Amino acid sequence: MDGQTMTAAPVLILLGPPGAGKGTQARMLEEKFGLVQLSTGDLLRAAVAQGTDAGKRAKSVMDAGGLVSDDIVIAILRDRLGEPDCAQGVILDGFPRTTVQAQALDQLLAETGQRIDAAISLEVDDTAMVTRISGRYTCAACGEGYHDAFKQPGQAGTCDRCGSTDMTRRADDKAETVASRLEAYHAQTAQLIGFYDEKGALTRIDAMGEIRDIATEMGAIVKTATAR
Ligand SMILES: [Zn+2]
């Protein structure tokens, strides 16, 4: 540090149910702003692979079939945030999941004069999301994608591209499965969203629109966060 006032790198949290396009948006932010996306799974795997102290603790818990505790995840995150590539800022994905974790994260960031600059909630219309995901099917022969409502082949059941009639649907894409996944997401994150809303850090983005429009909104949030 050169003694000048340092602008702390922005720390963003990305919230959204499966299918809301979190991964796509995070990649755009990485490319455009040099932010680094940190997902809990990747963090854990990397720490275990590198054999850091926290990584070793995580490994022994996982080897025993247990759940890695919050304090281990926080320790891993502390190590990771100190690495040079995080200097432009980070996007947290999958952590925190609970308000207890969110409070621990606030404490960790306070150590370096940082804070959560924005918790971005990608909001979906559940009914439309069920239609969107459950309608998908794919040609098993060539991989061409189709949709019951939005993209039917010219001749029902026959692939436009290769003529195959072998169409497949992912078991995970069943309407009931998608609906219960959304329900679980809302139950899991309701408190967390309330936590950031109360702090004035929550921004809701309509994730049902065009990817490019969503990216523009996300970019504006990052710029505001960076300028603080
Ligand atoms: Zn095909």
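Two strands are said to pair if DSSP finds at least two bridges between them. Strands themselves (E, at least two residues) and helices (H or I, at least four) are DSSP runs, numbered from the N terminus.

The structure is a predicted model: local features need pLDDT of at least 70, side-chain atom pairs count only at pLDDT 80 or more, and totals for chains, interfaces and linings use all residues. Residues are numbered from 1 along each chain as its sequence is written, and side-chain values use heavy atoms, with hydrogens and water left out.

I begin with the sheet. Strand β1, residues 11-15, and strand β4, residues 116-123, pair in the parallel sense over 5 bridges. Within that pairing, Leu15 has Ser121 of β4 as its bridge partner. The sheet is open, with 5 strands in the order β2-β3-β1-β4-β8 and parallel pairing. Strands β2 (36-39) and β8 (202-206) form the edges, each pairing on one side only. From one strand to the next, the twist averages 25°. Helix α5, residues 99-111, packs on this sheet and touches β1, β3 (90-93) and β4, where contact means heavy atoms within 4.5 Å. The direction of α5 makes about 145° with that of β4; axes are lines fitted to C-alpha atoms, for helices over the stretch in contact, and angles run from 0 to 180 degrees between N-to-C directions.

I turn now to the interior. A nonpolar core is a set of buried Ala, Val, Leu, Ile, Met, Phe, Trp, Tyr and Cys residues joined through side-chain atoms within 4.5 Å. Buried means under 20% relative accessible area, exposed over 50%, and partly exposed in between, with a 1.4 Å probe and protein chains only. Which members of the largest core touch the most other members? Among its 35 residues, they are Leu77, Leu105 and Tyr196. Helix α4, residues 70-81, gives the most to this core, with 7 residues. Not counting residues up to four places away in sequence, Leu77 touches Leu38, Leu43, Leu92, Phe95, Leu105 and Leu108. A second, separate core of 24 residues includes Leu35, Met129, Leu182 and Ile214.

The buried residues of α4, among them Ile72, Ile76 and Arg80, pack against β2, α2 (40-50), α3 (53-63), β3 and α5.

Finally, the cysteines. Cys142 is partly exposed, with a relative accessible area of 26%, whereas Cys159 is buried, at 4%. Counting pairs of cysteine sulfur atoms within 2.5 Å as disulfides, the total is 0.
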